[in-house]
Amino acid sequence: MDYVPHVVAWNLTRRCNLECAHCYIAAGPQESAAGELDTATCLDIVDQLLAVNPAPMLILSGGEPLLRRDLTEIAHHASANGATVVVGTNGTLLTDERIAALKDAGVRGVAVSVDSLRPSYHDNFRHGRGALTEVQAALARLTAARLDFIIQTTVTKGNRGELEQLVAWSAGHGAVAFNCYFLVPTGRGASLTDLSPIDTDAVLVDLARWQQEYRGRMMVRAKCAPHFMRHVHQTDPDSPILNYETRCPCGTQYCRITPDGKLTPCPYLPKVAGDLRAQGFAEIWRSSPLFRQLREGRLGGKCGVCEYRALCGGCRARAFALEGDVLAADPSCAYEPTGVLAVIEPARALVYGDDFTPELVWTTAARERMEWIPSFVRGVVMQRVEAYARRQGRGQVTPELLAEVRSAMPIDFSKRKPFFVTDSG
């Protein structure tokens, strides 16, 4: 199988103006720029990544990436050369000027963290007085600037009861997606008490219901909990979410770059696959023993015999954090395999990451528009466009047809131009 790094998360810095309780790289105000990759090295790494995949999604994060003065230079270099660039931020530094600079640099969207609508909870969890107020003001600025944004929430015992309100609030404020993260005990998050497997399952049931309820308006996803797919498959088998061919994409379609240039399977799995200061991106991606283990190794425990292992496969980062083995069973899953059912596969002719051979005629302008779509969803999007064209009796795909698709279909990316798709594993 030809494994492609469709999504790359890049922690550009450990510096941060906040000191969040769950931070997986223990970022904070006490950190310095010492050890960070310089601008020239970052631009070279972008070129190396684009040589392996000319159209990846690049997530520039931190710490707080807005503390890097060269953020827009890195973003512009990547976006101008084919990458879809998004920025992950705590939102407190998003002034009008910074938002304008990000747009000018080609950034397609911003992921902003909101963990509660109660200042007493959000500000305490993020260790920043007034943080929630600043984030809410930033969302208004993003809306005015017409820059897509998603809301990211880490679910805990403290905010579990307001998740439904947070989802509705996010949709009401124009978010293109709501990502519910499940704690992986690494970094400062290792000291937090996680949800029990039963409680985790209950949250996943709710998220599976909400992803159907908000379809066509806002994506609702679970992160670091691939057993979400089992619930979606059971309750909503036609969901576009099931276009994802999972078994946790870390190390197969997804990886992370640390501030000092290490390559790991994902942000929550700190085991190092290679060092970009000593090796090329392509060499590490294609030859790292750790990546090969994730791609070729047999899952252990109940994950290895579960009938949902092709749709799910468990979180590899959590298995490593709690069991010390990237292939161990995910301890957060409450499901017990039946041992009698056949492996359940996605009921799709095409899944995210697949190539698509067009059967209709595409104009040059329409093909160029598809270059705005990140590589991991382009095939699925093109397939849906052609299906729509056939239903309308059209034999050619034009920019005008693409505009019709955006307005007529409940698709799982922003209906505004440019497209902004959000997925990080």
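Author: **Aromatic pairs**

The structure holds six aromatic pairs. Rings of Phe, Tyr and Trp (its six-membered ring) pair if their centres lie within 6.5 Å; planes under 30 degrees apart count as stacked, over 60 as edge-to-face and the rest as tilted. One of the pairs joins Tyr 181 and Tyr 268. This pair is tilted, with 6.3 Å centre to centre and 45° between the planes. Tyr 181 lies in strand S6 (residues 177-182), and Tyr 268 in the loop between strand S9 (262-264) and strand S10 (274-275), so the pair ties together parts 87 residues apart in sequence. Helices (H or I, at least four residues) and strands (E, at least two) are DSSP runs, numbered from the N terminus.

The model is predicted: local features need pLDDT of at least 70, side-chain atom pairs count only at pLDDT 80 or more, and totals for chains, interfaces and linings use all residues. Residues are numbered from 1 along each chain as its sequence is written, and side-chain values use heavy atoms, leaving out hydrogens and water.

Tyr 181 is buried at 11% relative accessibility. Tyr 268 is buried too, at 18% relative accessible area. Buried means under 20% relative accessible area, exposed over 50%, partly exposed in between (1.4 Å probe, protein chains only). Ring pairs also bring in Tyr 24, which forms a cluster with Tyr 181 and Tyr 268.

Now another pair. Tyr 308 is in the loop between helix H11 (301-305) and helix H12 (316-323). Tyr 335 is in the loop between H12 and strand S11 (361-362). Both tyrosines, Tyr 308 and Tyr 335, are buried.
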